[in-house]
Amino acid sequence: MYAMERAIARSIYADLLDDMQDIGYLDSALAEYYLQEMAELGWDVTGDVFAGTSPRTENERARKERQDTVTLAINIRPSHVAQWLHRFVEGEVSFTFVGSRPSEYFDPGW
C-alpha cells in the first residue's frame with residue numbers, strides 16, 4: 001500500500017510539474033482538480049498542500065524568453081496505513097516532492 005500510494009503521489013507531482021512547465025504557473029483550476037483527486041483517495045488535503053510553489057498566478061507567469069523557472073513543492077499526507085509505513089521506512093508521515101524546471105511558456109506578444 002505504501003509503495004502504491006507513493007507512486008500515485010509521485011505521478012501527481014510529475015504531472016503537475018509538467019503542466020506548470022508548459023503554462024508557466026500553477027493554475028488554480030488545475031490545483032483544485034488534483035486536490036479533489038487526492039481527497040478522493042482519502043488523503044489529507046487540508047492546509048496549503050502546494051506551499052513553496054511558484055509562480056501561482058497567471059500575472060506572475062514564468063516565461064521561457066526570460067529564462068524563468070517554475071518550482072513545484074507538494075506535501076501529501078496519504079492514508080493512515082501508508083503514513084504508518086512511511087514513518088517506518090522514511091521517518092516521516094507525509095510524501096514531499098520539490099523541484100524546479102525551466103518554463104516552456106512563450107509570451108505570444110514577445
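Start with the core. The largest nonpolar core has 23 residues, and the ones touching the most other members are Ile-12, Leu-16, Met-38, Phe-50, Leu-72, Ile-74 and Ile-76. By nonpolar core I mean buried Ala, Val, Leu, Ile, Met, Phe, Trp, Tyr and Cys residues joined through side-chain atoms within 4.5 Å. Buried is under 20% relative accessible area, exposed is over 50%, and partly exposed is in between, with a 1.4 Å probe and protein chains only.

Which elements give two or more residues to this core? Helix H1 (2-23), helix H2 (28-40), strand E1 (69-76) and strand E2 (95-102). These are DSSP runs numbered from the N terminus: helices are H or I, at least four residues, and strands are E, at least two. H1 gives the most, with 7 residues.

A word on the source. This is a predicted model: local features need pLDDT of at least 70, side-chain atom pairs count only at pLDDT 80 or more, and totals for chains, interfaces and linings use all residues. Residues are numbered from 1 along each chain as its sequence is written, and side-chain values use heavy atoms, with hydrogens and water left out.

Back to Leu-16. Beyond its neighbours within four places in sequence, Leu-16 contacts Leu-26, Leu-30, Tyr-34, Phe-50, Leu-72 and Ile-74. Contact means heavy atoms within 4.5 Å.

Next, the helix pair. Tyr-2, Glu-5 and Arg-6 in H1 meet Ala-82, Leu-85, His-86, Val-89 and Glu-90 in H3.

Last, Gln-21. Gln-21 sits in helix H1. Buried or exposed? Gln-21 counts as buried, because its relative accessibility is 14%.
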